[in-house]
Amino acid sequence: MSAAQALTGSIASSHVIKWLRAWYSEGMPDAIDLEIVRQMLPSTPYGTGVREIKSPVEINGDAFEGMLARDPDDHAVWGIAYNGKARRERQRFTIAHELGHFILHRSHQQSFNCDSQSVHTGIDGLRQIEREADEFAGNLLMPGDLLREWISNQRIDLHVLSAIAKRFQVSFEALCIRFIKFTKQRAILVYWDNGFVKYEWRSNSAVRTRARIRRNGDPQEPLPGTLAADTSIEHEWDGIEMSAAIWCPEEAAHMKLWEFKHSYGARDRILTLLLLENAEPRSWDRSWQDEESFDSFDQFVSNGQLPVR
């Protein structure tokens, strides 16, 4: 007899979405209603032994992200808190993240305090459960089948990705990360903070073809000749075409890429999306089989840096 499949954030979110679609008689809205999920969960197999998850409450604090805790006076009741100062999209992600802890981890702990310290910790066990809760939240709020349908057979630019983020009611950055995980295109997402790289995510096909950005130091700075380095340009949502070798030194001279740029606030934070022409996997290189698709995640988490949810 084969061992039971471990419950992951992806599997759990798929089941919740299936239950939601069965619950709606006339089609589920694009933006997941977390209030319905909160009320529904205790009556599902994921809520065994729980009578109620109370309505999320606001707690304001600079370092506070969110919390899930069991009622010490009534063990059949759980509660969720979130940072009321955060943007609405971030609040939604935090509540979904805590619901992920409820499903995946509550048998191991009585409470989960997701402040900056716990999210950024280098302790493997804590970091792993935070990643699992993030996986649940991302898959729940941005269902893969809808995302695949909406990005298929059209030219991707930041107008398209922004419109999808609004439909899901998630942050633009969270949607871009989800896109990188999902797209079959060779794509690289880079986030710059005050002139230095904060993190880099590559799509599976980018990893297989060893598409990497050129390294010019540690910490990495924007490369000369790119939109990311051009302080006179705030946004380029339509993208510009250039030689792929400007960004990726291992690309053939004839290969092209499209660079897109979005700046935040005072232009001290920049999101760069690179879409590369297709290329065959490099058969002599098998290292990608052992790599995570999103190769910089562990590095930036260990450095105390996380993407905006």
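Helices (H or I, at least four residues) and strands (E, at least two) are DSSP runs, numbered from the N terminus. The notes below use that numbering.

This is a predicted model, in which local features need pLDDT of at least 70 and side-chain atom pairs count only at pLDDT 80 or more, while totals for chains, interfaces and linings use all residues. Residues are numbered from 1 along each chain as its sequence is written, and side-chain values use heavy atoms, with hydrogens and water left out.

1. Cys248. This residue sits in the loop between helix 10 (244-247) and strand 9 (256-264). Cys248 is buried, at 1% relative accessible area; buried means under 20%, exposed over 50%, and partly exposed in between (1.4 Å probe, protein chains only). Its C-alpha is 6.2 Å from that of Ala211, although Cys248 and Ala211 are 37 residues apart along the chain.

2. The loop between helix 9 and strand 8. Helix 9 covers 204-208, and Pro219 lies in the loop that separates it from strand 8. The peptide bond from Asp218 to Pro219 is cis, with omega near 10 degrees. Arg210 is in the loop between helix 9 and strand 8 as well, and has a positive phi of about 60 degrees although it is not a glycine. Both points deserve a look in the model. Most residues other than glycine have a negative phi, and most peptide bonds are trans. Arg210 counts as partly exposed because its relative accessibility is 27%. Glu234 also belongs to the loop between helix 9 and strand 8, and is partly exposed at 28% relative accessibility. The C-alpha atoms of Glu234 and Ser263 are 5.6 Å apart in space, against 29 residues apart in sequence.

3. Helix 3. Residues 88-105 form this helix of 18 residues, which reaches 25 Å from its first C-alpha to its last, close to the 26 Å expected at 1.5 Å a residue. The expected span is 1.5 Å times one less than the number of residues. Helix 3 is mostly covered, with 15 of its 18 residues buried.

4. Two packed helices are described by the angle between their axes and the distance between the axes. Here axes are lines fitted to C-alpha atoms, for helices over the stretch in contact, and angles run from 0 to 180 degrees between N-to-C directions. Helix 6 (residues 144-151) and helix 7 (residues 158-168) pack at about 150 degrees, with their axes 11 Å apart. Helix 6 is therefore roughly antiparallel to helix 7. Angles under 35 degrees count as roughly parallel, over 145 as roughly antiparallel, 65 to 115 as roughly perpendicular and the rest as oblique. Helix 7 and helix 8 pack at an angle of about 110 degrees, their axes 9 Å apart, so these two are roughly perpendicular to each other. Helix 6 passes helix 7 in a right-handed crossing, and the crossing of helix 7 and helix 8 is right-handed too. A crossing is left-handed if the near helix is turned anticlockwise from the far one by less than a right angle, and right-handed if clockwise.

5. Gln169. This residue lies in the loop between helix 7 and helix 8. Gln169 counts as partly exposed, at 28% relative accessibility.

6. Aromatic pairs. The structure holds 9 of them. Rings of Phe, Tyr and Trp (its six-membered ring) pair if their centres lie within 6.5 Å; planes under 30 degrees apart count as stacked, over 60 as edge-to-face and the rest as tilted. Trp23 is exposed at 53% relative accessibility, whereas Tyr24 is buried at 17%. Phe172 and Trp237 have ring centres 5.7 Å apart and planes at 20 degrees, so that pair is stacked. Phe172 lies in helix 8 (residues 172-182) and Trp237 in strand 8 (residues 236-243), so the pair ties together parts 65 residues apart in sequence. Phe172 is buried at 13% relative accessibility, and Trp237 is partly exposed at 22%. Tyr191, Tyr199, Trp201 and Tyr264 form one aromatic cluster.

7. Charges over rings. Arg106 lies over the face of Phe102, 4.2 Å from the ring centre. The charged end of Arg167 sits over the ring of Trp150, 3.8 Å from its centre. The criterion is NZ of Lys or CZ of Arg within 6 Å of the ring centre and within 35 degrees of the ring normal.
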